[in-house]
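Colleague: I would like to go through this model with you. Please set each value against its definition.

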Amino acid sequence: MDPCTKSAMSSPASTPGGRKRGRNTNPPTPSSEDPTSPPSQRRRGQDSSTGDLMPMPTSPATDILSPAAPQDTSLLSSPRPSVPPNEVDMSSPLMYGTPSSRIEGTPRSGVRGTPARQRPDLGSVRKAPQVDLHSEPPSTDGAVASESNAGQRLVIWGTDVNVGTCKEKFQRFLQRFVDPTSTEDENAGLDLNEPLYMQKLEEISVVGDPVMNVNCRHVQSFDADLYRQLICYPQEVIPTFDMAVNELFFERFPDSFLEYQIQVRPYNALKTKSMRSLNPEDIDQLITISGMVIRTSQLIPEMQEAFFQCQVCAYSTRVEVDRGRIAEPAVCRHCNTTHSLALIHNRSVFSDKQMIKIQESPEDMPAGQTPHTTIVYAHNDLVDKVQPGDRVNITGIYRAVPMRVNPRQSNVKSVYKTHIDAIHFRKTDEKRLHGLDEEAEQKLFTEDRVQTLKELAAKPDVYERLSSALAPSIYEHEDIKKGILLQLFGGTRKDFSQTGRGNFRAEVNILLCGDPGTSKSQLLQYVYNLVPRGQYTSGKGSSAVGLTAYVMKDPETRQLVLQTGALVLSDNGICCIDEFDKMSDNTRSVLHEVMEQQTLSIAKAGIICQLNARTAVLAAANPVESQWNPKKTTIENIQLPHTLLSRFDLIFLMLDPQDEAYDRRLAHHLVSLYYQTEEQMEEEFLDMAVLKDYIAYARTYISPRLSEEASQALIEAYVDMRKIGSGRGMVSAYPRQLESLIRLAEAHAKVRFSEKVETIDVEEAKRLHREALKQSATDPRTGFVDISILTTGMSATARKRKEEVAQALKKLIQAKGKTPAMKYQQLLDDLRGQSETAITKELFDEALRALADEDYLTVTGKTVRLLA
Amino acid sequence: MPSTHDWINDPLGVVEGMFAASQSNPNSGWEARAVEFFKDRLKEKDAHTLVPSLNDIPMHYLKPNSLVKFRCFIQDMFDPEFYMGVYETVDPATQAKTLRCGKYKDVTECGVDFNSKNTVTAERQTFYCVPIPGENPWVKERYANSSQARVVPSTSYVPSRQKRSYEEDDDMDDMDTQPQKQREAHAGPQSPTEHHGNGDCKRQETEAPSSQTTSASHLDLNFPLPGEKGPSCLVKVYEDWDSFKLNDMLEVYGILSVSPALSALADEKDASSSLLDPTECMETAEEQRVHCPPASLVPRLHMLYAKQLQHNNPLLPSAATSEDNSAFLASTLSEMPSVREELLAYLTHVLLGDALAAEYLILHLISNVYVRRDVLPLGKFTLNMSGCPTVASYTERLYQIIQQLVPSSHYLGMSLQNMNQMRLVPKKDYVANRLVSGALQLAKNTSLYLDETQLEQGQLDTTGVRNVTALGNLISWQKVDYDFNYHQMEFPCNINVLIASEGRSLLPSDCQIHLQTQVAPSHLEEYLSTMHMLSQASSQLNKFRIYLSVARLLDYSISDEVTKSVEDDFVDMRKDDPQSISAEDLHRMLVVARLLSLSQGQTSLSRDSWLRAKHIEALRRSRMEQHKCVNGNEP
């Protein structure tokens, strides 16, 4: 027998109508009844009888005739050629099959094609795998343990579920549940004031996808008791839900065609767990866990029903898989020949199955431990829904199966195998790709925690407190820490794409430059450790593809896959780039797009796409001459293209101040670092956890808008900034600076947990912006703040000077009269003699070039010719 | 009360007795009491030395289901498993039902009633433990010698015979004896003594049973360091498993389980019967092999009690209770300055007469990350010893000396080939579902000796670059980013890295000292050969060993007064020459001062120590300057 089945499994002969396999009672079923039923599961020891009942509403006789699964497609579709299943039948009031059918159906050929067999085709394929016991409501028979009197009092054996009530409740839920505040993307386009699930039913009737996702949270808010039953007895309750929904559906849309009956897939069981907290009490309950897919198996055709044919008389029979085994009939019932039956693979019924391994997401893991993994089985259409690397929330039933008993062995290993039968997958990172929302990864905060955070937010000095809690081991640099703090919070995300104006960047980018050894890297490391989705790269070690994305061949599937780099991985987080100046120009150029448009466009190896990279960039750069030269501008010091620099909202200089008072404080700080006691450490560690939560909370729940006064203040601030420069013929602010101000003000409002940006926020934003500008955009020649250093790479004074020299040169040449050609060196000397300020060779060259641009002269080698 | 003999030889009997007693009153909390019982027993004077240790006794001398201890290192953590905590068996003859306890066991009794309502499912966690990586031979030897466990080879033990007694296991038997034959071939002349040895010769067998190690080809035991030996173990933890961390050093007391049925279950996987079992056919063969290796190769150990090891120096009292420890510390404290002098003299000799380098080497050897301030590990002191002579494999000899002094160490020659081929960073293997170890998965306070003189010209490939980055991260942040394929996970570590190089190392370091040899290169060979002779008499070496471990365990503080003077000093130094001293220098000086005080057995910083720290730092710096002038090509 074994060999037979083995070959059966390996043969690709799964049924043609792939979807139509799977009995109502499926593989797990046996296991739960069999020796194995995990002990904690006291209630369902014996319900095997129930398990067999296939109460699904079924279509009448037509399909019953179809002898074997593979053929039934055609048979079924016979009434309407185009549509596979016969809705005609479906529309008919649901009949519940008699429980007996299956039991005798299998062995005896005459009764073959019992309704039970057909029903899976009509529907419930999906749920079948999860659902062990088809608690049948109408079936007053075996299913019900209690005194079989009044139908209402009957409950499914081992539970407190009364099918009738349960069904009614669920139908009521479907008909009445309204969630006006729903923000889920799945409900997009639905009228929130109408019963949500009725709209979904309508959708099903139109789209024909017979799956109904039900948010458990909704169930809970509607009927807590129903929810409790759903969580505790999923394998009884979900089929009941199925029936309820199908009754309702076919009542409403009697003429719609569905391939199968609708299946209910609950998700978001509030009992969401981390994998670590699963324990024996969760066995056979509905759970939702989050994790990352690390491995998926090949599709496994699992035999549900074996088809045997007698070699002598061609009599055929079908045998159900029972606990993973098929009892091969030894004697043909028809001709009484022994051992004449052979397995016919392609007429047996198989269902799809896939093993998926998921691993705890790195965020839920305590430090110093390795991640746990769990096996998940996906059945039928959930197969291949997820790929390795996906972050998913899985809702399913947690199972524990003892190690198989071996008849040849007297004792068994006392360990259970655990797995989850998946009912619903929800990818959490899908959203990121489509940029719809970030709620999926919402962290849940306990009431207490929120309370603590709110208390903290109410303190007047919360801003200072938080900034000092940031990287306490790094001394002073208060403004820089404040800047980074605001970066951690970020501005409010605004989406004007509907009006065609596109997205506005909400992330604050910061560049730190300064002397080596001023703990820039430490700050970066700190930030990287603080934020959940941070990436740390070093400019020296990263290439453009390492930052963006690259295409590689997956070793397993041999398909081209896109591997994302640091910038994409830090979407919604912070990308820390150390040694920014050491980055190759090539690499740096990809940052242009990321830092303003917040997207990454990729066109390689046939993959053309645009990925979101809504990341804030925190970069650190060292001056070219290893020591900051105060006589030079920022651009000259770090040699970065101004196009890139202008995309940083704040550019800070971290310099070694070299004064005594500072030294003393620094020394004190460092020494205390080395002898602080454990308790003090403990305190501080708490701070980091609080800080993390505080930021996470603010980022998720607070989205401040500008108040009237604040906008006025911003306008004034901007006008003021423009004015400062205009007096000297310089521009000291560009719209980009205004945007920066807005972002900073919003971030500051977030720090206060305020939904409104107020004047104080603008004030702080202005102050910080000014501080940063003062440090980085001061023209060393004049001492004035000049934004054009950052935007054009050259200060206005320098430009003015250049023009002056050009004019002087022109005059000089004109004074010389009609000499068509001059010696270069001669001209330089003359100019030098004439001018009272020193003229460098570079300045002279620039002047020449400027004149050449005016078509006044040309320079060839060492001679200068006039053109005019 | 069970006698000593009982609780060591038959711990399960004790457990079962308590379980049976608890049946009459359900809330007796027998599980806690059982653990308590063993803890109490072990607390008794020297009781723990009576327990045989898996580290130094070959497994076939140990009785199955007896209490053993294992000094180990958590290499990997598997998924928690559910097991039958309590189950009921049915006697086929009488139909009588008996409740049984499944705790501390792998295999159930016959005739389990799976549908019993009395079954209780419980949860336990499995750790994959290996002997402490890089543990030096003297440590192993010493531990083995201190054990008083009298082990008589269990008379019943003849590996294959026992298995044969189970008729039904014939096929498996083949499976298992085959590798054993191979092993014998490998082990050569050694194997006969093993197989015919009796209990008395245990003392000579200082090394862990080699029979298990040579079979590595058959089963990868996943040791972090290449060439390691010793048994690895699947430790089943019953409570509090969250308190254990990866890379912890533990001394586990537990019940040894080597039931052949375990291997049988694994092997039988091939039998066709399991093909239909969905749960089994989907686990890869690799995974099976890793998670259920034959018990004869990887025994199971059911933990009753475990103690976290602060150190693995056998010469120090095992830090069970801190009071004990502090008494011991106090007694050694007074001797420390004199031991330090001796050690300094010895190391000066070893370092070819360079006393300053010897001083720094001592500081390095007692350094320890004592605290982390956000991302900054404090107390680390990576030393780059440049100017090492390349003749006569000096660097290797130096390592041998260090090996004699510290409990665990590892030599990593930074040859191009090593860097390009070795796996330094542990990586998760999702197929086998385990963490494949790398050379940087080390227990705390392991000395990692990087020999950069092995470096030759050539190109580092991707692996090489990654390895060098990993080493750099290790040195700068004392953390290793384990590779989980889809993401990386950061594991803090505490490894003393010593880099021996010719010029300045390509890796970062906290401190660089250029070796100034007092020995003419021509005499070097000769000098070295005499040096090796100088291998110390054991008692002196032991003094050094104790000294180094104790210095690391001391507490340390700085008084306000000294703080003040340190601050003043710093300000003054900055005034003189702001370029010459930065915050980083102050950091280093504080570490040097700390280590210097500790090396003298002083638990708080004194003015003198601070001045001395400044002094040696100044000496070192001037030497570096000097050296820079000599060869201008130094960066």
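Colleague: What stands opposite A:Leu512 in E22(A)?

Modeller: A:Ala620 stands opposite A:Leu512 there. This is a predicted model, where local features need pLDDT of at least 70, side-chain atom pairs count only at pLDDT 80 or more, and totals for chains, interfaces and linings use all residues. Residues are numbered from 1 along each chain as its sequence is written, chains are lettered from A and ligands numbered from 1 in the order written, and side-chain values use heavy atoms, without hydrogens and water.

Colleague: What makes E15(A) and E22(A) a pair?

Modeller: Two strands pair if DSSP finds at least two bridges between them. Four bridges join E15(A), residues 510-514, to E22(A), residues 616-621, and the two run parallel. Strands here are DSSP runs (E, at least two residues; helices are H or I, at least four), numbered from the N terminus.

Colleague: Which residue of E23(A) stands opposite A:Ile510?

Modeller: A:Leu650 does. Five bridges join E15(A) to E23(A), residues 650-654, again in parallel.

Colleague: Why is E15(A) called largely enclosed?

Modeller: Five of its five residues are buried, so the rest of the structure largely encloses E15(A). Buried means under 20% relative accessible area, exposed over 50%, partly exposed in between (1.4 Å probe, protein chains only). In a regular strand, side chains alternate between the two faces of the sheet. Both faces of E15(A) are covered: A:Ile510, A:Leu512 and A:Gly514 on one, A:Leu511 and A:Cys513 on the other.

Colleague: What makes B:Thr395 buried?

Modeller: Its relative accessible area is 3%. The cut-off is under 20%, so B:Thr395 counts as buried. B:Thr395 lies in helix H16 of chain B, residues 394-405.

Colleague: Which side chain makes a polar contact with that of B:Thr395?

Modeller: That of B:Asp451, at 2.7 Å. A polar contact is a pair of N or O atoms within 3.5 Å; within protein, one must be able to donate a hydrogen and the other to accept it, and residues adjacent in sequence count only if both atoms are side-chain atoms. Beyond four places in sequence, B:Thr395 touches B:Cys388, B:Tyr449, B:Asp451, B:Thr453 and B:Ala500, with contact meaning heavy atoms within 4.5 Å.

Colleague: How many residues of chain B count as buried, as a percentage?

Modeller: Of its 635 residues, 59%. Chain B has 23 helices and 18 strands.
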